[in-house]
Amino acid sequence: MKLEQLQGRFTIIGRNQDEHRSSYKGVLELNVISDHRVEAKWLINNEQEQFGTGFFKDHILVINFNYKSEYNYVFKGVVVYKCLSENLLQGFWSEKHGDANYLGEETCYKIISDKSILN
C-alpha cells in the first residue's frame, strides 16, 4: 500500500481516553504532502477541530495532533493507525494530559464518492 491511496476523507467512530470510554463520531481528512508525510484534520462531533502531521511506513500511519479547548488551552497527542486497507484504518491514541490508564480508540472508514455512478 502507498500513502497516496490513503488520501481522502474518512468517517470516524471512536472512544475517548477516559474511564467511561465515552464515544464520539467525526470526519478525518488526510492530505499527502510528500512520499512519507501526511497532514491530517479531524472534525469531532461537528464542533472540535484537531490538526496534525505525521508519517507512513509499513502500513502504519503515525500522526502527532493538537487542538484547542474551549478555554484556548492546547492539547497534544499522538495517534497510530494500522492501515488494514486504503479504505479502513484501525487506530489508538493518547494525549499528553489524558488518563494514562487508558488509550483512545478510533476506526476510520473512507468516504467513497458516488459521483461516478450517477454520471
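## Barrel briefing

Cys108 sits in strand S8, which covers residues 104–110 (strands here are DSSP E runs of at least two residues, numbered from the N terminus; helices would be H or I runs of at least four). What we're looking at is a predicted model, where local features need pLDDT of at least 70 and side-chain atom pairs count only at pLDDT 80 or more, while totals for chains, interfaces and linings use all residues. Numbering starts from 1 along each chain as its sequence is written, and side-chain values use heavy atoms, with hydrogens and water left out. The overall picture is a closed barrel of eight strands, S1-S2-S3-S4-S5-S6-S7-S8, with antiparallel pairing.

**Around Cys108**

- Cys108 counts as buried because its relative accessibility is 0% (buried means under 20% relative accessible area, exposed over 50%, and partly exposed in between, using a 1.4 Å probe and protein chains only).
- If you skip its neighbours within four places in sequence, Cys108 is in contact with Phe10, Thr11, Ile12, Leu28, Tyr81, Asn87, Leu88 and Leu89 (contact means heavy atoms within 4.5 Å).
- Gly26 is 82 residues away from Cys108 in sequence, yet the two are 9.3 Å apart in space, C-alpha to C-alpha.

- Strands S1 (residues 8–15) and S2 (residues 23–32) run antiparallel and are joined by eight bridges (two strands pair if DSSP finds at least two bridges between them); Gly14 stands opposite Tyr24 in S2.
- S2 and S3 are also antiparallel, with seven bridges, and Asn31 has Glu39 in S3 as its bridge partner.
- Eight bridges link S3 to S4, again antiparallel; Leu43 stands opposite Glu49 in S4, and Ile44 has Gln48 as its bridge partner there.
- The antiparallel pair S4 and S5 has seven bridges, with Gly54 standing opposite Ile63 in S5.

**Turns worth a look**

- The S2 to S3 hairpin goes through four residues.
- The S3 and S4 hairpin has three residues between the strands, and Asn45 takes a positive phi near 50°; at a relative accessible area of 41%, Asn45 is partly exposed.
- Two residues separate S4 and S5 in their hairpin, where Asp58 has a positive phi of about 50°.
- His59, in the loop between S4 and S5, has a positive phi of about 65° and is partly exposed at 36% relative accessibility.

**The largest pocket**

- The largest pocket has a volume of about 290 Å³ (a pocket is an open set of points on a 1 Å grid over the protein atoms alone where a 1.4 Å probe fits, with protein on both sides within 12 Å along at least five of seven lines); volume here is the space filled by probe spheres set on the points.
- It is lined by 19 residues (each with an atom within 4 Å of a point), and the closest to its centre are Asn16, Gln48, Gln50, Trp93 and Glu95.
- Strands S3 (37–44), S4 (48–57), S5 (60–68), S6 (74–85) and S7 (88–95) each supply at least two lining residues.
- The lining splits into eight nonpolar, six polar and five charged residues (Ala, Val, Leu, Ile, Met, Phe, Trp, Tyr, Cys and Pro count as nonpolar, Asp, Glu, Lys and Arg as charged, and the others, Gly among them, as polar).
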